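Hi everyone, thanks for coming along. I'd like to walk you through a few spots in a structure, so please have a look at the screen.

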2 protein chains.
Amino acid sequence: MFNYNEQLALDILRSNAEKVNAELEKIYPEKNGIASVLYEAERYSLLAGGKRIRAALLLESCKMLGGQDCAALPFACAIEMVHTYSLIHDDLPCMDNDDLRRGKPTNHKVYGEAIATLAGDGLLTDAFSVCAMNPHVTGDCAAAAVAILSGAAGSYGMIKGQVIDLYGETHDLSEAELIELHMGKTGAMICASAQLGCLAAGFAPNHEMTEKLTSFAQKIGLVFQIIDDILDVTSTNEELGKNIGSDSESNKTTFLSFFTVEQAYEYAKRLTQDAIDSLDNIEGAEGLINLAQFLCDRKK
Amino acid sequence: MFNYNEQLALDILRSNAEKVNAELEKIYPEKNGIASVLYEAERYSLLAGGKRIRAALLLESCKMLGGQDCAALPFACAIEMVHTYSLIHDDLPCMDNDDLRRGKPTNHKVYGEAIATLAGDGLLTDAFSVCAMNPHVTGDCAAAAVAILSGAAGSYGMIKGQVIDLYGETHDLSEAELIELHMGKTGAMICASAQLGCLAAGFAPNHEMTEKLTSFAQKIGLVFQIIDDILDVTSTNEELGKNIGSDSESNKTTFLSFFTVEQAYEYAKRLTQDAIDSLDNIEGAEGLINLAQFLCDRKK
């Protein structure tokens, strides 16, 4: 029987975030010169103090399978770079037009739309360099990592989810379409995190263990989104560090279009329990299990 | 002594473009479904009938070195996907705010800014899938290709060039800064085309032949830009398929800020001759040599 330890979850997030942040600082050192505003804009959003959930999932998956941190770290940086790019572009006036992110003004509010667009483009592009040039894995492994990351982030993954999200601003979505939206917009990258962790530990994408962890990630990714939708109506701007109530203001379809807050929370708890149960007999799974429970219990 | 044959250059461009277009049609087939507008927008710009100069340079480099088309084609598709993304984002209202590209309304004019931004993001991301999953090369080669492409397109390559371009809208650039701009904005991807062609033929990035072809590509890339600047003042919208005179309207620094049209053209011719001379004793270089002369002589 699993006992949730919130402090352990927080410690896991913190220690993995420290490793990733130190590495990201090396990838994007402060720069002078004529294009310095680009690097400043990239650093502004990349090092804005996110929870690094995707990196933690990746590093903990690798660790559970006996892999080395050094092999997983470049992939963890890459996934956070792609995630950050997606936030910058999502916040643009032509998309969600958000002013606040992680408690700070959004990238385009500080640097303007042109530089924000380019900073996003840069982080996305550079992420593939970081994957491809991972010095601690074989060329086959690096190429597989790029395929996983670009597949998850690309036109049939995260971007497809974002397009459905835009469509949902002017159309009612069915529950199936809402799930397709989130499988793309957040689920694909959360699954990729688990897969990259497995890959760094030497487990191929079609290995049974990789498939098990992908299914685990798919569930906690959906939980993540359900909780997001709940917090959007129950939290405050200050607690969340971004503008709340924006979903209902823009008439977006969310899980709360189909469920009450209580029902949605019950659904999230059931999914989390399923995810946790699926790892129950795997040695060293405490980290991932605590992360899963944390995502369900989080208040921001 | 080299005799330029314009018809041969046109045939090379046409036959390589046909190969690449057929492959791109397979990568982006027409799709139905809730996100179909994304794929439509991607196809709109990707299959808009560009000259495919980068793909031709890549495929001809590979061919000259005895490599196989099948190994080079995925890389050629990837480079054209990245190039197309850069055009879509460049044309956005927050960047150059252009209405016309390749004789057609720009992507955002047809699909709106949000979808245009995402179509660009999608093409960029998917390009790395296409490279990483090239079935005709080793994992080491695929990973090296991703590193070359992302390095050329990323924050220290093409995007840096674009940032300097934006800076140049409100500041006078020195000649050195203008060259840095173009080395990034167009030169990096043209060099990458040659390097990827070499790589597909089995020549490593640090091989003497790759370095020779990179230097060749750097020269013809600069010529390409000089001719662009000349055509922007001497051509018409109809001939060029995009809005001309936009550089001088926006007070951008161009080569014509430092040279007369005649001087700039002389400079382009000298660079082209240097590039051609550097391949003079290489067997099978006719294709590349004719391409180089074509870029210097082009009227649109």
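Let's begin with a pair of side chains in chain B: the side chain of B:Asn107 makes a polar contact with the side chain of B:Ser45, at 2.8 Å. Please keep in mind that this is a predicted model, so every value you hear from me is computed from it.

Where does B:Asn107 sit? You'll find B:Asn107 in helix H5 of chain B, the helix that covers residues 107-132. And is B:Asn107 buried or exposed? Its relative accessible area is 4%, and since buried means under 20%, B:Asn107 counts as buried. Leaving aside residues up to four places away in sequence, B:Asn107 touches B:Ala41, B:Tyr44, B:Ser45, B:Ile88, B:Gly112 and B:Ala116.

Now let's turn to two helices in chain B. Helix H4 takes in residues 69-91, and helix H7 takes in residues 158-168. Their axes come within 12 Å and cross at roughly 20 degrees. How do we describe that angle? Angles under 35 degrees count as roughly parallel, and therefore H4(B) and H7(B) are roughly parallel to each other. The crossing of H4(B) past H7(B) is right-handed. If you want to find the meeting place on screen, look on H4(B) for B:Val82, B:Tyr85, B:Ser86 and B:Asp90, which meet B:Met158, B:Ile159 and B:Gln162 in H7(B).

Next, a backbone detail. A:Arg102 has a positive phi of about 50 degrees although it is not a glycine. Where is A:Arg102? A:Arg102 lies in the loop between strand S1 (100-101) and strand S2 (104-105) of chain A. With a relative accessible area of 25%, A:Arg102 is partly exposed.

Over in chain B, B:Arg102 also has a positive phi of about 50 degrees, and B:Arg102 is not a glycine either. B:Arg102 is found in the loop between strand S1 (100-101) and strand S2 (104-105) of chain B. B:Arg102 is partly exposed too, with a relative accessible area of 23%.

That brings us to the two chains together. How can chain B be laid on chain A? A turn of 180 degrees and a shift of 0.0 Å along the axis does it, with an RMSD of 0.0 Å. The two copies are thus related as by a two-fold rotation axis. The same surface serves both copies, as 100% of the contact residues of chain B recur in chain A.

How values were computed:
Residues numbered from 1 in each chain as written. Chains lettered and ligands numbered in written order. Predicted model: local features only at pLDDT ≥ 70, side-chain atom pairs only at ≥ 80, totals over all residues. Heavy atoms only, no water. Helix = DSSP H or I, 4+ residues; strand = E, 2+ residues; numbered from the N terminus. Buried < 20%, exposed > 50% of the residue type's maximum accessible area, 1.4 Å probe, protein only. Polar contact = N/O pair within 3.5 Å; in protein donor to acceptor, adjacent residues only side chain to side chain. Contact = heavy atoms within 4.5 Å. Least-squares fit on C-alpha atoms with pLDDT ≥ 70 in both. Axes fitted to C-alpha atoms, helices over the stretch in contact; angles between N-to-C directions. Parallel < 35°, antiparallel > 145°, perpendicular 65-115°, else oblique. Left-handed = near helix turned anticlockwise from the far one by under 90°.
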